[in-house]
Every structure is written in C-alpha cells, then in structure tokens.
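Subject: Structure handover

Hello,

Here is the structure we talked about. Please open it first, then read the notes below.

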Amino acid sequence: MTNPENFVIRGELITLDALLKALGWADSGALAKQFIADGLVIVDGEVETRKTRKLRGGEVVSFEGQTVYVHGEK
C-alpha cells in the first residue's frame, strides 16, 4: 500500500464514483461505477457497492492498494 493521500471535499459531499474520478483512480465515471459494482472499493474497512454513496468527510477509501482519507471542507 502506498502512503495515504488526503482529499478535501469542496462543498457538502462527493459521491464515491466522483471521488474515484477526481483521484485519477478511474478514467471515466462508467469505469468508476464498474469498479464499485465489482466490489473493488473499500470504504471504512468494508466493501462498498453503492456507486453514488455520499461521502461527507471522515471516511477512509481504498482501491487497488491506494488509500485516501476524505475530509470535509473547513
């Protein structure tokens, strides 16, 4: 696993598929949704299959050995 990144949400929330795109972990929204549907994305230690799960800060998201800490806007 690489060193964890930090991601600060601009606004109230970001959906899980949009986060994967924003981080460059998926080249398109369709690919991000497929990764999530296939059970490849972990949120707070559990497989997450809800493509549009709302992240508001405080979550830890992992995918293919990469980890990001999601923070709300201060």
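Buried here means under 20% relative accessible area, exposed means over 50%, and partly exposed lies in between (1.4 Å probe, protein chains only). By that cut-off, Arg-53 and Glu-48 are both buried.

Some ground rules. This is a predicted model, where local features need pLDDT of at least 70 and side-chain atom pairs count only at pLDDT 80 or more, while totals for chains, interfaces and linings use all residues. Residues are numbered from 1 along each chain as its sequence is written, and side-chain values use heavy atoms, with hydrogens and water left out.

**Salt bridges**

A salt bridge is a side-chain nitrogen of Lys or Arg within 4 Å of a carboxyl oxygen of Asp or Glu. By this rule there are three salt bridges.

Start with Glu-48. Its side chain meets that of Arg-50 in a salt bridge, 2.8 Å from N to O. Arg-53 also forms a salt bridge with Glu-48, at 2.9 Å, N to O. Glu-48 counts as buried because its relative accessibility is 6%. Arg-50 is exposed, since its relative accessible area is 51%.

Now Lys-33 and Asp-17. Their side chains meet in a salt bridge of 3.8 Å, N to O. Lys-33 lies in helix α2 (residues 29-37) and Asp-17 in helix α1, so the pair ties together parts that are 16 residues apart in sequence. Lys-33 is partly exposed, because its relative accessible area is 33%.

Helices (H or I, at least four residues) and strands (E, at least two) are DSSP runs, numbered from the N terminus.

**Around Asp-17**

Asp-17 sits in helix α1, which covers residues 16-22. Is Asp-17 buried or exposed? Asp-17 is buried, because its relative accessibility is 9%. Contact means heavy atoms within 4.5 Å. Leaving out residues up to four places away in sequence, Asp-17 touches Ala-32, Lys-33, Ile-36, Lys-51 and Thr-52.

**Thr-67**

Thr-67 belongs to strand β7, residues 66-71. Thr-67 counts as buried, because its relative accessibility is 6%.

Best wishes
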